[in-house]
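Here are a few notes to read alongside the model. Take them in any order, with the structure open next to you.

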Amino acid sequence: MANGGPVEHGYPHLETVRSAVTALYRRLSYDTVRTFSVSVAPADVAFCDTDDLHLGAQRVAREMVRHYRLPDARLIVGFREMTHAAHVELTAGPEYFVELNDRFRTHRRDIGAALAHEVAHVYLHRLGLSFPGTRDNEILTDTTATYLGAGWLLLDAFREDGASSQKLGYLTPEEFGYVLAKRSLAFAEDPSVWFTSAQAYTAYGKGMTLARRDEQQPPLTAAGWAGRRRYARDRRHAQDHRPPVVPTGARPDVPYSFTPDSHGPLRVSFPCPTCHQRIRVPVRGRVRARCGLCRTVLECDT
């Protein structure tokens, strides 16, 4: 939890975020992900200063349990002085003890954001889904909470001005905005109408710009002129050097790569703009491809 200190910006964890979205689709399946088409409603996690602290925290915790579809899980929420925003004890259940930073005693509007992250930990624990290392696993948790409809609260808890700052979670504000934009494009839901933080709205806009750019990379037909020209040059190079010594696209700025096929045409692989699983199609002009993981239909010009 950044509290008054510098807030990291940009996309330093972008590849891990994209891997987390892929892992979520692989573990849950397309049908299960679609059951989270409706986000947590602001009214369901509203918390005013006149509410009883402990009863209110338990009420919000129950709402998070309901949202993540963990009907047999019971959260017991307490408060103590700590460095991090919150901590959950991951046991066999059904009871889970969540400790929130004492700061939330007087910043109750952000209790929902803290619990969105901690209950996502419980959800992933029950799924048996994790990434190696604390950092990557926390990024997976933030991405899961956001993509499944509770993490907009984490971005809305980001506030920054000349005198102070606050941010919850491990993702940067722009990365939260990116995952929210991915969710918005997948579910046709606009979370920006719920933001109370002007900085959250800005970060969401930046994330949407990057998410849209994912949909405009060659060989997708929505790619711009410069991308199409670069793709044609790389394709020509791959066709003239079959088999290629180094697959074209092995550069960080190029999402696609060409691979030879001894029994057919040259093939190109590229990440699905929705779930980031790589798709492999023959190089033969206009092609319609369907991602087997998230079922997105893609119009390509290979």
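**Notes on the model**

1. Let's begin with a loop: Pro-219 sits between H8 and helix H9 (225–240). Helices (H or I, at least four residues) and strands (E, at least two) are DSSP runs, numbered from the N terminus. The bond joining Pro-218 and Pro-219 is a cis peptide, with omega about 15°.

2. A word on the ground rules. This is a predicted model, where local features need pLDDT of at least 70 and side-chain atom pairs count only at pLDDT 80 or more, while totals for chains, interfaces and linings use all residues. Residues are numbered from 1 along each chain as its sequence is written, and side-chain values use heavy atoms, with hydrogens and water left out.

3. Now look at the largest pocket, with about 560 Å³ of space. It has 25 lining residues, and Glu-15, Arg-18, Asp-214, Pro-255 and Pro-271 are the closest to its centre. Helix H1 (14–28), helix H8 (198–214) and strand E8 (267–271) are the elements giving two or more residues to that lining, and H1 gives the most, five. For the terms: on a 1 Å grid over the protein atoms alone, a pocket is an open set of points where a 1.4 Å probe fits, with protein on both sides within 12 Å along at least five of seven lines, and lining residues have an atom within 4 Å of a point. A volume is the space filled by probe spheres set on the points, which are joined across faces, edges and corners.

4. The second largest pocket has a volume of about 470 Å³. Of its 27 lining residues, His-84, Ala-86, His-117, Glu-138 and Tyr-170 lie nearest the centre. Strand E3 (86–88), helix H4 (111–127) and helix H5 (134–147) each supply at least two residues of this lining, with the largest share, five residues, coming from H4.

5. How is H1 placed, covered or open? It is mostly covered, with 11 of its 15 residues buried (under 20% relative accessible area; exposed is over 50%, partly exposed in between; 1.4 Å probe, protein chains only). Arg-18, Val-21 and Tyr-25 are among the buried ones. The cover over the buried residues of H1 includes helix H2 (30–34), H4, H5, helix H7 (173–187) and H8.

6. Ser-29 is partly exposed, at 31% relative accessible area. Arg-69 is another residue other than glycine with a positive phi, near 60°; it is found in the loop between helix H3 (53–67) and strand E2 (74–80).

7. Last, His-125, which belongs to helix H4. His-125 is partly exposed, at 35% relative accessible area. Setting aside neighbours within four places in sequence, His-125 is in contact with Leu-90 and Thr-91.

Key
Contact means heavy atoms within 4.5 Å.
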